[in-house]
Amino acid sequence: MFEITKEFRFEGGHWLNGLPEGHKCARPHGHSYRVRVMLASPELDAAGFVVDFGDLAPVGTMLKARLDHQTVNDVLDQPSSELLAQWIFQQCQEVLPPAVAALVTQVAVSETASTWVRYRRQHHPDGSL
Ligand SMILES: Nc1nc2c(c(=O)[nH]1)N=C([C@H](O)[C@H](O)COP(=O)(O)OP(=O)(O)OP(=O)(O)O)CN2
Ligand SMILES: [Zn+2]
């Protein structure tokens, strides 16, 4: 199996709901988000690629349009990294050509220098993607 990853970045503001009184993340604050989109395939194309990294450009365009220098709460009621990674995975299915979207296995989101969260596609029982 071959796996490839492309990283994207955007700046965004958010706050989190339902946290204990006084929690710092309940206050509006910003992050320099990093997003990693991962694809996997047992086969390569004629160029020796899983897909051309350039084919993932629509993900960057979507992130710029929907999230960059914006309030992430305008897109998600509760913009935790977990729910944001799931949302970006779903957006990948919308903005990428179906043959490329089908190869997306994971989306990882980092809000800070020390944290990463990953949303993974559920595997089918037969082991296929
Ligand atoms: N499981 C999650 N926990 C937290 C999330 C999240 O999305 N998922 N988000 C936050 C805050 O939005 C923010 O990311 C704070 O992160 P945290 O690592 O707690 O803050 P610091 O970078 O200031 O880390 P220190 O180690 O305290 O310096 C909180 N939790
Ligand atoms: Zn935060």
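Me: Is H31 buried or exposed?

Reply: Burial is judged by relative accessible area: under 20% is buried, over 50% exposed, and anything in between partly exposed, using a 1.4 Å probe and protein chains only. H31 has a relative accessibility of 11%, so H31 counts as buried.

Me: What should I know about the origin of such values and the numbering?

Reply: This is a predicted model, in which local features need pLDDT of at least 70 and side-chain atom pairs count only at pLDDT 80 or more, while totals for chains, interfaces and linings use all residues. Residues are numbered from 1 along each chain as its sequence is written, chains are lettered from A and ligands numbered from 1 in the order in which they are written, and side-chain values use heavy atoms, with hydrogens and water left out.

Me: At which residues does UniProt place the feature "binding site"?

Reply: UniProt positions are given in the numbering used here, feature names are shortened, and annotations may be inferred rather than shown by experiment. The unreviewed UniProt entry places "binding site" at H14, H29 and H31. These residues span 18 residues in sequence, yet no two of their C-alpha atoms are more than 8.1 Å apart, so they gather at one spot.

Me: Which atoms coordinate the zinc ion (ligand 2)?

Reply: Donors are N, O and S atoms within 2.8 Å of the metal (3.2 Å for Na, K and Ca); water is not among the atoms, so sites may look incomplete. Here, NE2 atoms of H14, H29 and H31 coordinate the zinc ion (ligand 2) at 1.9 to 2.0 Å. In sequence, the donor residues follow the spacing H-x14-H-x1-H.

Me: What is the geometry of the site of the zinc ion (ligand 2)?

Reply: Four donors count as tetrahedral if all angles lie between 85 and 135 degrees; four count as square planar and six as octahedral if opposite donors are over 155 degrees apart and all others between 65 and 115; anything else is irregular. The site of the zinc ion (ligand 2) has 4 donor atoms with angles of 96 to 125° among them, and is tetrahedral.

Me: Where are H14 and H29 found?

Reply: Helices (H or I, at least four residues) and strands (E, at least two) are DSSP runs, numbered from the N terminus. H14 belongs to strand β1 (residues 2–14), and H29 to strand β2 (residues 29–41). H14 is buried, with a relative accessible area of 2%, whereas H29 is partly exposed at 24% relative accessibility.

Me: Which residues does H29 touch?

Reply: Contact means heavy atoms within 4.5 Å. Not counting residues up to four places away in sequence, H29 touches G12, G13, H14, W15 and K24. With that exclusion, the residues touched by H14 include H29, H31, Y33 and E111.

Me: With which side chain does the side chain of H14 make a polar contact?

Reply: A polar contact is a pair of N or O atoms within 3.5 Å; within protein, one must be able to donate a hydrogen and the other to accept it, and residues adjacent in sequence count only if both atoms are side-chain atoms. The partner is the side chain of Y33, at 3.4 Å.

Me: Which residues are around ligand 1?

Reply: A residue is near a molecule or strand if one of its heavy atoms lies within 4 Å of it. Around ligand 1 are H14, L16, K24, C25, H29, H31, S80, S81, E82, E111, T112 and T115. An N or O atom in the side chain of K24 is 2.7 Å from an oxygen atom of ligand 1, and a backbone N or O atom of S81 lies 2.7 Å from an oxygen atom of that ligand.

Me: Which residues does UniProt list for "active site"?

Reply: The unreviewed entry lists C25, H69 and E111. C25 is placed in the loop between β1 and β2, and is buried at 19% relative accessibility. E111 is found in the loop between β4 and β5 (117–120), and is buried at 16%. Leaving out residues up to four places away in sequence, E111 touches H14, H31, S32, Y33, P79 and S81, while C25 touches W15, L16 and L19.
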